[in-house]
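Me: Please show the model, and let us then examine the terms used to describe it.

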Amino acid sequence: WKDTYINYYSRKFVRLMTGPEVVDAISKATDQPGQYSFSGTTVSRMKEMATPGGGREITGLMQAFFQSNPNTQVPDGNRPSTLQALLMTNSRFINEKIAAQNGSRVQQVLESGKNNEQIVEELFLSSLGRWPTLEEKIVAFQALEKDRKQGAENIQWALLNSIEFVLNH
């Protein structure tokens, strides 16, 4: 990198995702698409909505990420907050998405007959879009050895709650 490259817009600044992006990313990572009613049609992505829908949990999560309407611009200064962390770590919306039920990604990988390494890799790739590091694999394997179902849910929860998940690189 050289400062002379600035005039060519040769880099992208990392930013926090907007509310609808966070909701849609959670749904995609957990393979639990949303079902939102919009003008008599059911849509699966929050970004397709003109106004927030889907209940108080989702609206609260979107507002914590500084956006209550997908058509409005996120205000400048969009920074991580304590409220965002609280909602991501202890939200019924998140907990239902990561549970090994209703065809979630966690349920799918547990029932697929995959070994622990394959489970960890799929959860990382679907949530963060990258392979786990050796250190991350070791911690994940320990969680899966104690209780496979609870361990897989905990791994998915930890990935969704990592700062890497909510950043747009």
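This is a predicted model: local features need pLDDT of at least 70, side-chain atom pairs count only at pLDDT 80 or more; totals for chains, interfaces and linings use all residues.

Reply: Residues are numbered from 1 along each chain as its sequence is written, and side-chain values use heavy atoms, with hydrogens and water left out.

Me: What makes α6 and α8 roughly parallel to each other?

Reply: The axes of α6 (residues 116-128) and α8 (residues 148-160) cross at roughly 25° and come within 10 Å. Angles under 35 degrees count as roughly parallel, and α6 and α8 are therefore described in that way. Their crossing is right-handed, a term used if the near helix is turned clockwise from the far one by less than a right angle.

Me: Which residues of α6 and α8 meet?

Reply: Among them are Ile 119, Leu 123 and Phe 124 in α6, and Ala 152, Ile 155 and Leu 159 in α8; contact means heavy atoms within 4.5 Å. The residues of this contact divide into 9 nonpolar, 3 polar and 1 charged.

Me: Why is Ser 91 called buried?

Reply: Buried means under 20% relative accessible area. Ser 91 has a value of 3%, and is therefore buried. Ser 91 is placed in the loop between α3 (82-89) and α4 (92-98).

Me: How do you know that Ser 91 has a polar contact with Phe 93?

Reply: A polar atom of the Ser 91 side chain lies 3.2 Å from the backbone nitrogen of Phe 93, and a polar contact is a pair of N or O atoms within 3.5 Å, one able to donate a hydrogen and the other to accept it.

Methods. Axes are lines fitted to C-alpha atoms, for helices over the stretch in contact, and angles run from 0 to 180 degrees between N-to-C directions. Helices (H or I, at least four residues) and strands (E, at least two) are DSSP runs, numbered from the N terminus. Angles under 35 degrees count as roughly parallel, over 145 as roughly antiparallel, 65 to 115 as roughly perpendicular and the rest as oblique. Ala, Val, Leu, Ile, Met, Phe, Trp, Tyr, Cys and Pro count as nonpolar, Asp, Glu, Lys and Arg as charged, and the others, Gly among them, as polar. Buried means under 20% relative accessible area, exposed over 50%, partly exposed in between (1.4 Å probe, protein chains only).
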